[in-house]
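Good morning, and thank you for coming.

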Amino acid sequence: MGKIVGGFATSHVLFPPNGVEDQAERVLAGMLRIREQIRALKPDLIVLAGADHLNNFNLAMQVTLAVGVADAFTTLGDSGAPVVTFRGHRPFAEGFVRHANRRDFELVQMEELRPDHGIAIPRLIVDPANEVPVVPVYINANMPVPPSPGRCYRLGGVLKEFVETGRPADERIVVVGTGGLSHWLCLPEQGKVADAFDRDFIARMVDGRSEELAALSAEDILEASGNGGLELTAWLFMAGAVPKARGEAIYYEPIPEWISGMGGLRLSPVD
Amino acid sequence: MSTAPYRVHKLIQDLMKDPAGQAAFARDPEPAFEAHGLIETEKVLLRDGSPSALDRLGVHPNLQMKYGRLRILPGSPPPAGGGPLAAYLGRLEER
């Protein structure tokens with residue numbers, strides 16, 4: 001059986017450091033620390049979960065949960081992320097979709113996909129040398145009816161089950177949830193950061209209490225942390241793949257100038 | 001927040017897939033407004049284009065950002081500073 005050897009979460013943007021140089025440096029340092037920790041785990045494959053920003057999906061057909069199944073992906077190049085081609089992993093991605101179907105999750109398979117910054121920047125963080133295949137999992141929190149936190153958490157559990165029952169022995173998988181933390185994108189509250197909510201969210205996750213957060217409704221998270229805070233459902237997907245795991249808060253910075261709470265953490269799977 | 005009628009969102013989504021249409025829209029948005037059947041109050045708010053106007057119209061936040069870019073005339077200079085990641089790319093791309 002394969003094994004999930006690490007779970008990580010991180011914000012998926014960076015903005016110019018002007019005026020917030022020290023905080024920007026700490027955010028970057030945190031992201032690079034996540035890179036080093038993932039590298040040390042020597043993964044054979046990375047599952048990157050995050051939201052698309054209405055670049056590959058749109059309101060014409062509102063897809064909430066999807067998996068990139070292609071052999072390779074070329075990034076969109078938005079938000080300053082370079083255009084690069086990285087490897088996918090078709091057998092893993094398609095196998096996960098089929099396994100999820102047996103567990104009552106009908107995931108959309110994406111063949112044609114130009115990952116935007118929600119996947120492209122985290123991929124650059126975790127594997128700049130493009131050495132490890134990446135399977136993008138879309139948790140589209142920005143759809144008018146987003147997937148619920150509980151469903152995202154349970155889907156993470158389905159991923160764990162797939163890895164442990166459907167993948168080759170000794171295959172090492174790292175799961176990364178991206179996005180968040182609190183931000184109110186293009187809303188009147190833009191610039192507000194829910195510092196206390198963000199810190200509590202991180203604290204509960206690294207304390208092995210992610211399931212409590214998965215019991216929140218999407219409306220709860222939206223109210224407390226803004227429309228961008230709903231991207232934390234991708235963190236809960238990751239947490240569901242490493243149930244009960246405890247870990248370490250790697251960085252957190254509330255940066256109103258970036259209209260966002262910025263953070264990252266590691267969860268170590270329970271054997 | 002109310003949600004804009006789909007015709008408003010369709011206008012933005014259609015333009016995103018149409019580079020020639022984007023250039024024409026940046027020069028004169030009225031034909032595209034007409035083609036998508038927008039009513040006058042919608043046109044007024046889209047002509048305004050400010051965050052408060054787009055919020056009042058109920059444009060999806062991600063599409064608000066794209067709408068802002070659609071209004072930039074082709075050939076306009078890019079924003080100063082080299083983009084959001086410029087200050088970090090060296091270390092992010094370090095292998």
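**A core and a contact between chains**

Val176(A) touches Phe8(A), Ala9(A), Thr10(A), Ile46(A), Leu48(A), Ala49(A), Pro122(A), Val126(A) and Met238(A), leaving aside residues up to four places away in sequence; two residues are in contact if their C-beta atoms, placed from the backbone, lie within 7 Å. This is a predicted model, in which local features need pLDDT of at least 70, side-chain atom pairs count only at pLDDT 80 or more, and totals for chains, interfaces and linings use all residues. Residues are numbered from 1 along each chain as its sequence is written, while chains are lettered from A and ligands numbered from 1 in the order in which they are written.

Val176(A) is also among the residues with the most contacts inside the largest nonpolar core, which has 87 residues. Such a core is a set of buried Ala, Val, Leu, Ile, Met, Phe, Trp, Tyr and Cys residues joined through C-beta atoms within 7 Å. Buried means that 20 or more other C-beta atoms lie within 10 Å of the residue's own, with C-beta atoms placed from the backbone. Helix α8 of chain A, residues 232–241, gives the most to this core, with eight residues; helices are DSSP runs of H or I, at least four residues, numbered from the N terminus.

Of the 271 residues of chain A, 56% count as buried. Along its principal axes, the C-alpha trace of chain A spans about 50 × 40 × 35 Å.

Finally, the contact between the chains takes 25 residues from chain B and 25 residues from chain A. On the side of chain B that touches chain A, α6(B) gives the most, with five residues.

Methods
Helix = DSSP H or I, 4+ residues; strand = E, 2+ residues; numbered from the N terminus. Buried ≥ 20, exposed ≤ 12 C-beta atoms within 10 Å, placed from the backbone.
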